[in-house]
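Welcome! Here is a friendly walk through a structure that may be new to you. Take a moment to look it over before reading on.

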Amino acid sequence: MMKTTQQDFLRRLHDCISACQHCSEQCLHEENIGMMVKCIQLDRDCADICTLTANLVARNSSFAQHMARQCAEICQQCASECGRHEHEHCQECAQACQLCQEACVSYANT
């Protein structure tokens, strides 16, 4: 996998934030919201850690690579959970989270 540039990484983080926010909002309107609780929780956690990671990366913090590793873990969990649901918003979120996870790993290993 090619190394991720800082701008590419920030774009992946922002794409993931948007997808997670959209997914969590749409999950709240699903017929069986009880089965969407874990998805909503992970969406919110993922969006939050991506936001923090983006802030650290943008200001070249010495903690950015460390946070990218943590972000990769949560993105992977969110991708797995969203991928279990057939809703279009969940599938789109799973894809964004997977791409973000890959970018996190690449950035953390630079």
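Is Arg 11 buried, partly exposed or exposed? With a relative accessibility of 47%, Arg 11 is partly exposed. Please keep in mind, here and below, that this is a predicted model.

**Charged pairs**

In general, side chains of opposite charge can pair when their charged atoms come close.

The structure has two salt bridges by the rule used here. The other pair to look at is Glu 81 with Arg 84, whose side chains meet in a salt bridge. Here is how the pairs look side by side.

| Salt bridge | N to O distance |
|---|---|
| Glu 81 and Arg 84 | 2.8 Å |

Glu 81 is buried, with 5% relative accessible area, whereas Arg 84 is exposed at 60%.

**A closer look at Glu 81**

Glu 81 sits in helix H3. Besides the salt bridge to Arg 84, the side chain of Glu 81 makes a polar contact of 2.9 Å with the side chain of His 85. Setting aside residues up to four places away in sequence, Glu 81 touches Lys 38, Cys 39 and Leu 42.

**Ser 24, a buried polar residue**

Back in helix H1 you will find Ser 24. Why does Ser 24 count as buried? Its relative accessible area is 8%, and buried means under 20%. A polar atom of the Ser 24 side chain lies 3.0 Å from the backbone oxygen of Gln 21. Beyond neighbours within four places in sequence, Ser 24 is in contact with Ile 40, Asp 43 and Arg 44.

**The nonpolar core**

Now let us turn to the core. Which residues touch the most other members of the largest nonpolar core? They are Leu 13 and Cys 50, in a core of 39 residues. Four helices each supply at least two residues of this core: H1 (6-27), H2 (37-58), H3 (64-83) and H4 (88-108).

With neighbours within four places in sequence left out, Cys 50 is in contact with Leu 13, Cys 16, Ile 17, Cys 71, Cys 75 and Cys 100.

**How H2 meets H4**

Cys 50 also takes part in the meeting of two helices. Cys 39, Asp 43, Cys 46, Cys 50 and Val 57 in H2 meet Cys 90, Cys 93, Cys 97, Cys 100 and Tyr 107 in H4. Two packed helices are described by the angle between their axes and the distance between the axes. For H2 and H4, the axes come within 12 Å and cross at roughly 35°. The crossing of H2 past H4 is left-handed.

Where does Asn 60 lie? Asn 60 is in the loop between H2 and H3. The phi angle of Asn 60 is near 55°, a positive value in a residue other than glycine. Asn 60 is exposed, with a relative accessible area of 57%.

Notes:
Residues numbered from 1 in each chain as written. Predicted model: local features only at pLDDT ≥ 70, side-chain atom pairs only at ≥ 80, totals over all residues. Heavy atoms only, no water. Core = buried A, V, L, I, M, F, W, Y, C linked by side-chain atoms within 4.5 Å. Buried < 20%, exposed > 50% of the residue type's maximum accessible area, 1.4 Å probe, protein only. Contact = heavy atoms within 4.5 Å. Salt bridge = Lys/Arg side-chain N within 4 Å of Asp/Glu carboxyl O. Polar contact = N/O pair within 3.5 Å; in protein donor to acceptor, adjacent residues only side chain to side chain. Axes fitted to C-alpha atoms, helices over the stretch in contact; angles between N-to-C directions. Left-handed = near helix turned anticlockwise from the far one by under 90°.
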